[in-house]
Amino acid sequence: MIALKVSSILPVYNSQSTLARAIESLLIQPEINQIVLIDDGSTDGSLDICQSYASAYPHIQLLRHEGGDNRGAP
């Protein structure tokens with residue numbers, strides 16, 4: 001049996017109320033070995049939550065636009 005290694009990308013924008021639950025859901029998936037959080041200039045507490053998880057888990061990476069700008073959907 002081949003073990004899958006999966007990266008999960010989670011776009012984040014003002015999702016403070018559901019963000020921790022979404023990240024926790026990804027953390028319990030055994031096939032996910034990398035989580036990339038992409039903050040799009042959140043103005044609520046989302047960035048703080050992302051930073052907290054990225055600091056606590058080495059396989060979580062946080063990306064932001066330069067200057068923390070909101071640039072909308074890709």
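Buried means under 20% relative accessible area, exposed over 50%, and partly exposed in between. These classes are used in the exercises below, which concern a predicted model.

**Exercise 1. Is aspartate 39 buried or exposed, and which residues do its side-chain pairings involve?**

Step 1. The relative accessibility of aspartate 39 is 1%. The cut-off for buried is under 20%, so aspartate 39 counts as buried.

Step 2. Arginine 64 makes a salt bridge with aspartate 39, and the closest N and O atoms are 3.7 Å apart. Arginine 64 belongs to strand β3 (residues 60-64) and aspartate 39 to strand β2 (residues 32-39), so the pair ties together parts that are 25 residues apart in sequence.

Step 3. Arginine 64 has a relative accessible area of 40% and is partly exposed.

Step 4. The side chain of aspartate 39 also joins that of serine 42 in a polar contact of 2.6 Å.

**Exercise 2. Where is serine 42 placed, and what does its side chain reach?**

Step 1. Serine 42 sits in the loop between β2 and α2 (46-56). With a relative accessible area of 13%, serine 42 is buried.

Step 2. Its side chain reaches the backbone nitrogen of asparagine 14 at 2.9 Å.

Step 3. Once neighbours within four places in sequence are left aside, the contacts of serine 42 are Val12, Tyr13, Asn14 and Leu47.

**Exercise 3. In which loop is serine 15, and with which residues is it in contact beyond its neighbours within four places in sequence?**

Step 1. The loop that holds serine 15 runs between β1 (6-12) and α1 (16-27).

Step 2. Serine 15 has a relative accessible area of 18%, which places it in the buried class.

Step 3. Apart from neighbours within four places in sequence, serine 15 is in contact with Asp44 and Ser46.

**Exercise 4. How many salt bridges does a search of the whole structure find?**

Step 1. The search finds two.

Step 2. Another is formed by aspartate 69 and arginine 71, with the closest N and O atoms 3.9 Å apart.

Step 3. Aspartate 69 is partly exposed at 38% relative accessible area, whereas arginine 71 is exposed at 52%.

**Exercise 5. How many aromatic pairs does a search of the whole structure find?**

Step 1. There is one aromatic pair. Tyrosine 53 and tyrosine 57 form it, 6.1 Å centre to centre with 15° between the planes.

Step 2. Planes under 30 degrees apart count as stacked, so this pair is stacked.

Step 3. Tyrosine 53 is buried at 13% relative accessible area, while tyrosine 57 is partly exposed at 29%.

Terms used. Residues are numbered from 1 along each chain as its sequence is written. This is a predicted model: local features need pLDDT of at least 70, side-chain atom pairs count only at pLDDT 80 or more; totals for chains, interfaces and linings use all residues. Side-chain values use heavy atoms; hydrogens and water are left out. A salt bridge is a side-chain nitrogen of Lys or Arg within 4 Å of a carboxyl oxygen of Asp or Glu. Helices (H or I, at least four residues) and strands (E, at least two) are DSSP runs, numbered from the N terminus. Buried means under 20% relative accessible area, exposed over 50%, partly exposed in between (1.4 Å probe, protein chains only). Contact means heavy atoms within 4.5 Å. Rings of Phe, Tyr and Trp (its six-membered ring) pair if their centres lie within 6.5 Å; planes under 30 degrees apart count as stacked, over 60 as edge-to-face and the rest as tilted. A polar contact is a pair of N or O atoms within 3.5 Å; within protein, one must be able to donate a hydrogen and the other to accept it, and residues adjacent in sequence count only if both atoms are side-chain atoms.
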